[in-house]
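Dear colleague,

I am handing over the structure we spoke of, and my notes follow directly below it. Please read them with the model open beside you.

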Amino acid sequence: MSTIAKLFNPMVRFSPFIMMALLLFPVLGGLIGVILPALGWIPALDQTQFNLNGFSQLWQTPGIGHMALLSITTSLVSTLLAFIITILILASYFTSPWLGYIQRLLGPILVIPHAAAAIAIGFLITPSGMVSRLASPWLSGWDAPPDWLYPHDALGLSIILGLTLKELPFLLLMALGVLAQPDLGQTLRAQHKVALSLGYCPMTAFFKVVLPSLYPHLRLPILAVLTYASASVEIPLILGPNNPPTLAVAIMQWFHDVDLSLRIKASAGAIVQIQLTLLVLACWWLLERLVIKFAKPLLTNGEREYGGVIIQQFTHVITALMLAVIGLALVGLVLWSFAGFWYFPDALPQQFVILHWQSALQQMHTPLIDTLLIALCATALAITLTLLTLEAEQHSGKSLSLLGSVLIYLPLLIPSIAFLFGLVWLLEQINSQHTFINVVLAHVLFVLPYVFLSLASSYRRFDPRFSIVAASLGASKAKIFFRIKLPMLIGPIFIACALGLAISFSQYLPTLLTGGGRINTITTEAVSLANGGSRRISAVYALMQMMLPALGFLLAWLLPKLISTNHYQK
Amino acid sequence: MHTQAISANHSDTAATSALTIDGLILCRQQQHLLSLSATIRGGEILTIMGPSGSGKSTLLNWVTGMLPVGFSAQGQLHLNGHNITTMASHLRHIGLLYQDPLLFPHLSVAGNIAFAMPPSPKAQRQAAISDALVQVGLGGLEQRSPQSLSGGQQARVALLRVLLSQPKAILLDEPFSKLDSQLRHETRQLVFDQIREHQLPAIMVTHDQTDADAAQGKIISLAQFNKPVID
């Protein structure tokens with residue numbers, strides 16, 4: 001018996017605990033590391049008396065109410081918009097092949113990092129952006145860039161645009177995932193047909209029959225989106241107003257202030273941020289109750305037609321507009337990255353140069369290598385732990401407990417700004433000097449849930465008869481794992497790897513905080529370049545941010561094919 | 001092709017009620033699937049039998065106006081004298097009964113039936129629903145959730161849902177195949193009685209010879225990729 005085979009069973013048994021520990025301790029430790037300073041306990045500043053000074057400082061901050069309101073409105077409005085458009089698209093194209101095309105067009109948006117998406121949208125709506133260029137001078141009469149505040153408008157409309165465009169593909173893909181479930185999807189489609197045969201127009205049939213059964217499956221993704229949106233940093237930082245910013249951005253700025261005593265206020269802010277997120281979730285819940293209360297009698301009133309044709313045409317317009325915005329933002333980004341002179345109303349630059357790419361690629365040498373190393377380490381760790389934990393599930397014959405499942409998604413359910421600062425403080429306390437390892441562990445917190453989510457269903461669906469056959473042929477559990485399961489699941493494993501890499505590439509706050517300024521990735525560089533300096537260099541960084549995950553998914557799609565064809569040619 | 005069989009309780013009103021398939025040719029990716037012409041009068045049940053892949057369900061999809069992508073059809077469809085070949089599904093008033101009852105889980109038993117009824121005052125509809133439930137032996141179950149009913153009870157609610165939507169024709173897609181034999185017999189009798197009582201033209205697709213016999217109508221057997229053989 002080889003060493004691996006001997007070690008395999010104990011490793012499988014312990015891996016769920018290691019995984020839980022890796023997720024639970026940083027989050028809980030991080031929360032404690034925020035609660036204590038919020039209550040005035042910072043030994044480093046000789047503050048060891050518990051008090052509420054942090055909170056009173058917070059209340060006295062000018063514009064604090066505005067910050068909180070901005071966080072609440074941008075997250076609620078963007079999620080509501082994304083949800084409504086998702087539902088309109090589903091309702092309008094429910095029986096049409098267009099649903100599949102839209103899915104394929106929007107799918108790649110999912111893996112574009114928030115920072116890159118924000119940069120692209122910022123370039124689109126900035127005074128000298130593509131929107132004003134395309135409208136000038138024939139429509140607007142502008143010969144010089146207009147004097148508007150976008151993308152830093154005080155109402156947060158730019159934030160809402162950015163968040164909506166990022167949330168929409170996520171919600172749509174989640175909904176299509178539900179409809180792709182064999183039992184549920186077929187039943188819903190058949191029930192839709194029944195409603196048509198009962199005289200309901202397709203739009204009404206969707207709203208009265210499909211949506212009530214679909215919505216419960218979308219609730220959790222929606223809450224996740226709300227949680228993220230209410231506490232996100234990248235998009236409000238790049239697309240939001242500066243004075244005052246959203247609460248999450250303000251907290252980040254206080255933490256980074258040279259005045260260390262602001263950390264107390266920042267910690268109090270992090271606690272308020274959690275409450276604010278809960279408030280946003282409660283608002284959604286209330287909204288949901290109200291809609292259900294008022295819509296329920298309508299379901300059985302027998303009305304079969306509510307202007308479905310108009311709604312459908314409205315959806316065509318919205319969908320086309322959205323695809324145009326996304327397309328234009330991407331085209332604009334590419335143009336900026338190659339632009340030489342580019343006078344204002346012209347839609348195309350006067351000259352194209354590769355200078356920006358050359359200089360940016362030279363600058364980004366170290367960040368690029370760090371980005372890749374961190375992502376590879378975090379993903380390798382996440383994939384290994386996920387596979388072993390799923391294998392442990394099959395050894396014990398029990399699925400992960402509810403508590404276990406909740407723990408896996410814990411880092412996604414708690415606003416990261418609320419515990420990451422505590423985590424940094426915790427790492428300072430245990431005097432962890434290995435910045436690289438700290439960053440990797442922080443990335444694992446966010447990579448692991450997605451990798452687990454992506455792999456769990458295919459691993460659990462793996463036909464157990466293959467293992468039984470192999471075992472009856474005398475194969476050990478280790479051999480079955482390495483020689484049967486892994487090769488047969490190579491496709492889903494590669495996809496999970498690509499997803500893990502993409503998530504790691506996109507991390508801004510965890511890298512910034514645990515890296516302590518010593519480690520920069522493409523994403524942290526892109527964000528710091530976004531609001532200053534050269535728009536052209538910034539465009540190159542944003543495009544790099546998009547190309548990295550795309551490359552990962554391309555490899556994940558190609559490699560299994562290459563491996564299997566090589567296999568059979570021998 | 002369609003000559004005999006006027007049902008015993010054929011009345012004057014039924015004379016105008018008829019579903020006519022005129023020169024239908026169904027193809028799957030240019031490949032000929034079936035050809036059919038038939039007239040089904042009110043209260044008659046046309047039975048279509050044949051192996052999987054012979055195009056039975058595709059035929060029903062064409063009649064409801066929901067032909068899937070990849071299929072094409074020629075021919076005309078008339079319902080009560082109107083040409084409905086190109087009419088949108090939801091305007092055809094053709095009811096559907098599948099092997100699964102497909103009751104809406106978010107609505108109560110009464111809600112499922114109310115969903116199907118044309119708009120009218122609430123109290124009036126509730127009275128009609130209660131009456132109908134009593135008639136099929138489900139009195140008092142209005143507020144139950146569909147999932148809490150047995151398979152046979154669900155099948156009866158699905159039948160009421162179709163009937164109270166006041167359809168002009170009914171399609172039955174292997175409607176009894178998930179019921180055990182005793183229940184199957186009873187449910188079948190109930191469905192057929194109702195179809196005859198309401199004088200509705202009906203098409204039934206089935207694998208089961210006893211279903212076909214009980215329908216007492218014309219039987220068309222489809223063979224795979226062949227022209228139909230008529231019994």
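**Contacts, cores and domains**

Leaving aside its neighbours within four places in sequence, Ile113(B) is in contact with Ile129(B), Ala132(B), Val157(B), Leu160(B), Arg161(B) and Leu164(B), where contact means that the C-beta atoms of two residues, placed from the backbone, lie within 7 Å.

Please bear in mind that this is a predicted model, in which local features need pLDDT of at least 70 and side-chain atom pairs count only at pLDDT 80 or more, while totals for chains, interfaces and linings use all residues. Residues are numbered from 1 along each chain as its sequence is written, and chains are lettered from A and ligands numbered from 1 in the order in which they are written. For chain A the mean pLDDT (the predictor's confidence in each residue, from 0 to 100) is 90, with 98% of its residues at 70 or more.

Together with Ala120(A), Ile113(B) has the most contacts inside the largest nonpolar core, which has 226 residues. Such a core is a set of buried Ala, Val, Leu, Ile, Met, Phe, Trp, Tyr and Cys residues joined through C-beta atoms within 7 Å, and buried means that 20 or more other C-beta atoms lie within 10 Å of a residue's own, the C-beta atoms being placed from the backbone. Helix H18 (residues 435-461) of chain A gives the largest share of this core, 15 residues; helices here are DSSP runs of H or I with at least four residues, and strands are runs of E with at least two, numbered from the N terminus.

Between the chains, 24 residues of chain B are in contact with 21 residues of chain A. Strand E6 (94-97) and helix H3 (109-116) of chain B each supply at least two residues of the chain B side, and H3(B) gives the most, with four residues. That side divides into 15 nonpolar, eight polar and one charged, counting Ala, Val, Leu, Ile, Met, Phe, Trp, Tyr, Cys and Pro as nonpolar, Asp, Glu, Lys and Arg as charged, and the others, Gly among them, as polar.

Within chain A, the domain assignment (automatic or from a database) gives domain 1 (1-17 + 355-415 + 434-570) and domain 2 (60-353). Their centres, taken over C-alpha atoms, are separated by 27 Å, and 28 residues of domain 1 of chain A are in contact with 28 residues of domain 2 of chain A. H24(A) supplies the largest share of the domain 1 side, twelve residues.

With best regards

Technical notes. A residue is buried if 20 or more other C-beta atoms lie within 10 Å of its own, exposed if 12 or fewer, and partly exposed in between; C-beta atoms are placed from the backbone.
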